[in-house]
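Dear colleague,

Please find below the structure that I am handing over to you. A short account of the findings comes after it.

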Amino acid sequence: MRYISTRGQAPALNFEEVVLTGLAEDGGLYVPEELPQFSHDELEAMAGLPYTEVAFRVMKPFVGDEIDDATFRRLIEETYGTFKHAAVTPLNQLDHNHWLLELFHGPTLAFKDVALQLLGRLLDHFLARRGEKGVIMGATSGDTGSAAIEGCRHCDNLDIFILHPHNRVSPVQRRQMTTVLAENVHNIAIEGNFDDAQAIVKGSFADQAFLRGTRLIAVNSINWARIMAQIVYYVAAGVALGAPHREVSFTVPSANFGNLFAGYMARRMGLPVKQFVIATNANDILHRTLTENDFSKRELQATLAPSMDIVVSSNFERLLFEAYGRNSTAVREVLERFQREPAALADAPLAELRRLFASHRVDDDTILEVIREAFGATGELLDPHTAIGYRAAQRARSDDTTPMITLATAHPAKFEEAVVRAGFEGAPLPEAMQDLMAREERYDVLPAELAAVQRFVAEHRH
Ligand SMILES: *Cc1c(COP(=O)(O)O)cnc(C)c1O
């Protein structure tokens, strides 16, 4: 399988290179040159299989023969062995035709584990084979950092440095990162805000001399392997509810659009999906683009669903590439305009998107209302991100007869503030994490200065 850039000016890469690379050198995102197709019979045959077997069948065409089958199966088994539910991503029926797809049974209780548990193992495998070491750097305001750390803690060939803003992440989120005491895991609390931390990471990618030749790796949501791993649960859920014999629909709490784009890939590969509902919080660029053709940046708003607080939706570029008929010149133009000023999509691609996607925006007051309402109606305590999806599914679904699958992206214990403000006492942490608040922590506090952080990284990697 070969991968090409959405902006058309970077070299095509194979799977191994695309996993190690992240962003394309022309500023674009990598996508498969051709999508694998699953026939009716192949989809039918996936119903009832263990998650890991579906994962192997769905991902194998993207990997090709770059990893032998036995090794790839072992990586998949190890990856999903870290999940606490035997079904890995179980479906939970809410009413006669609305389902929650629970993506939060991994080590850090959010859907990002599904992809990052695999990505860490893929990176380690490729680096070992090349006889190289790698350094991961990332900035986090919460979820991604802990999921990346959990995904890399057992990797022999990787050091991971995660920067978080000092005293500005929730205690649960901080402890999910800082209580991992592995030697290759380095938590840095930056004396500044999230933007300061992110600027230091960007600065480090821009000038990597401080690493003296060691590869610097990004694990943010534009890495193709993350999308690939997420396609699996759309297929698994779809066939569990009757595909390919009938259509299903999905509602996805969305921010960078990596999760939903994986669903779109599943559909392009043959899964019969009738509708996708994009659910946003007040940071509603996706909703505005789809409903008003207002493709523009707005100031960041802090909401009760902080993992969806974004200004730019990075993976949306991959969808635009498809909507524009893979015309990379047109994609480059619209994205370059968007960087400078408010932009709009051309008529044909917008119409194309509106045929398949609906959207709905949910504000903070409504999140609290939905948490109460859903608990009363179903007995389920939703986390604030999932609550956004729940409401969007109710408001924007096109019909009642197609099964609606809402993606539950986090466990409520992870976002206690919203749960408590909705009037509940809180949500207990799952058993395996009950002692989280008592575990030993380790992190270093550094000033928000590029040179200081780079010196720290250079001195502490193995
Ligand atoms: C990251 C995240 C999202 C948003 O997913 P995208 O792929 O960025 O659209 C939603 N909910 C939770 C809990 C998350 O951690």
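The notes below begin with the chain as a whole and then turn to one lysine.

This is a predicted model, in which local features need pLDDT of at least 70 and side-chain atom pairs count only at pLDDT 80 or more, while totals for chains, interfaces and linings use all residues. Residues are numbered from 1 along each chain as its sequence is written, and side-chain values use heavy atoms, with hydrogens and water left out.

The protein chain contains 18 helices and 13 strands (DSSP runs numbered from the N terminus: H or I of at least four residues for helices, E of at least two for strands). Of the 462 residues, 61% are buried, meaning under 20% relative accessible area with a 1.4 Å probe, protein chains only.

UniProt, in an unreviewed entry, places the feature "modified residue: N6-(pyridoxal phosphate)lysine" at Lys112; UniProt positions are in the numbering used here, feature names are shortened, and annotations may be inferred rather than shown by experiment. Lysine 112 lies in helix H5, which covers residues 112-130. With a relative accessible area of 13%, lysine 112 is buried. Beyond its neighbours within four places in sequence, lysine 112 is in contact with Asp143, Thr144, Ala147 and Arg226, where contact means heavy atoms within 4.5 Å.

Yours sincerely

How values were computed. Buried < 20%, exposed > 50% of the residue type's maximum accessible area, 1.4 Å probe, protein only.
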